[in-house]
Amino acid sequence: MPTSAIDRPADLRHLPDEPGPCRWAEVLAPKGRVAFELEQGETLRIVDLDGQQVADFICFDKNNMADKISHSTTVMLKGNINLTTGDYIYSVDAWRMLEITRDTVGRHDILAGSCCPGLNRMRYGSEAEHQPNCRENLAAVMAPYGVKLTEIPYTFNIFMNVPVGPNGDIGVIAPISKPGDSIDLKAERDLVVAISNCPQERNVCNGFKATRLGLLIYAGQPS
Ligand SMILES: [Zn+2]
C-alpha cells in the first residue's frame with residue numbers, strides 16, 4: 001500500500017490498488033464542482049463515496065484548449081458505447097486524452113449529456129430552469145480558463161446508468177455503483193479536467209439524492 005505525504009480526508013485514506021503516490025485528495029461535496037489540471041502520466045481516481053452518485057466529467061487539452069473530449073470520436077474509435085477498463089477517451093481531433101485503467105463498476109454513460117437549464121425547463125417547468133445543474137456548474141469552473149458556456153462539451157457521465165434497448169430506446173435508471181466503487185483515468189496528455197458532482201435530485205439518475213465524490217490524483221510511475 002503506497003503511503004502519502006499529504007494529509008488525506010479520512011474517507012480517502014485506505015483505498016485498494018492505488019497506482020502511485022497520491023499528490024492531491026479532496027472530497028467533493030454533494031452538488032459540488034471543481035476544475036483542475038492533470039499532467040500526462042498522472043491518474044485521477046473518482047470514488048463514489050456514498051453510492052449511486054454521478055460525476056459529469058469533461059476535459060480539455062491543456063496546450064490546445066480548442067481540443068476537448070468527444071463522444072462521437074470516442075464511440076466511433078471503439079465501435080461501442082460501453083466504456084470500461086482498457087478503453088480510451090478521445091478528443092475531437094482524435095487524440096487519446098485518457099485511458100480507463102481500473103473500473104470497479106463497468107457501467108457509465110456517454111449518450112445522455114448533462115442536466116442543464118433547457119432540460120430542467122422542459123422536464124420540470126420554467127421555475128426549475130436555473131436550479132443547480134451540471135452544465136452551468138461546468139461553465140462556472142471553466143470560466144477562469146477562458147471557456148464559455150457554449151464551449152462546454154457533452155459529458156462522460158461516470159457511474160450513470162443509461163441502458164440502451166435493442167430498438168434504440170434509452171432510459172435513465174439508478175446507478176449500480178456502491179459506496180467505495182471507483183474509476184481510474186490515466187492522462188495521455190496534459191489536461192484541464194472539470195467535474196460536476198451532479199446535483200439532480202428530481203429524477204433517479206443519482207438515486208434521487210445528491211451525495212459526495214472522492215477525488216485523488218496519483219503521480220505517474222517512472223518507466
Ligand atoms: Zn447533472
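Student: What share of the 223 residues of the protein chain count as buried?

Tutor: First, note that this is a predicted model. In it, 39% of the residues count as buried.

Student: Why does the radius of gyration agree with a compact globule?

Tutor: Compare two values. With 223 residues, a compact globule would have a radius near 17 Å. The protein chain has 17 Å, so the two agree. Its C-alpha trace spans about 50 × 40 × 40 Å along the principal axes.

Student: How many helices and strands are there?

Tutor: Three helices and eleven strands. From the N terminus, the order is β-β-β-β-β-α-β-β-α-α-β-β-β-β.

Student: What is the strand order in the open sheet of six strands?

Tutor: The order is β1-β11-β3-β9-β7-β6, with antiparallel pairing.

Student: What makes β1 and β6 edge strands?

Tutor: Each pairs on one side only. β1 covers 22–28 and β6 covers 88–90. From one strand to the next, the twist averages 20 degrees.

Student: How do you know that β7 and β9 pair?

Tutor: Count the bridges. Pairing needs at least two bridges. Strand β7 (residues 96–103) and strand β9 (residues 181–187) have five, in the antiparallel sense. So they count as paired. D103 stands opposite I183 in β9.

Student: Which residues does the annotation "domain: DUF1989" cover?

Tutor: The unreviewed UniProt entry places it at residues 27–192. Over that stretch the chain is 15% helix and 30% strand.

Conventions. Residues numbered from 1 in each chain as written. Predicted model: local features only at pLDDT ≥ 70, side-chain atom pairs only at ≥ 80, totals over all residues. UniProt positions renumbered as here; feature names shortened; annotations may be inferred. Helix = DSSP H or I, 4+ residues; strand = E, 2+ residues; numbered from the N terminus. Axes fitted to C-alpha atoms, helices over the stretch in contact; angles between N-to-C directions. Rg over C-alpha atoms; globule rule 2.2 N^0.38 Å. Buried ≥ 20, exposed ≤ 12 C-beta atoms within 10 Å, placed from the backbone.
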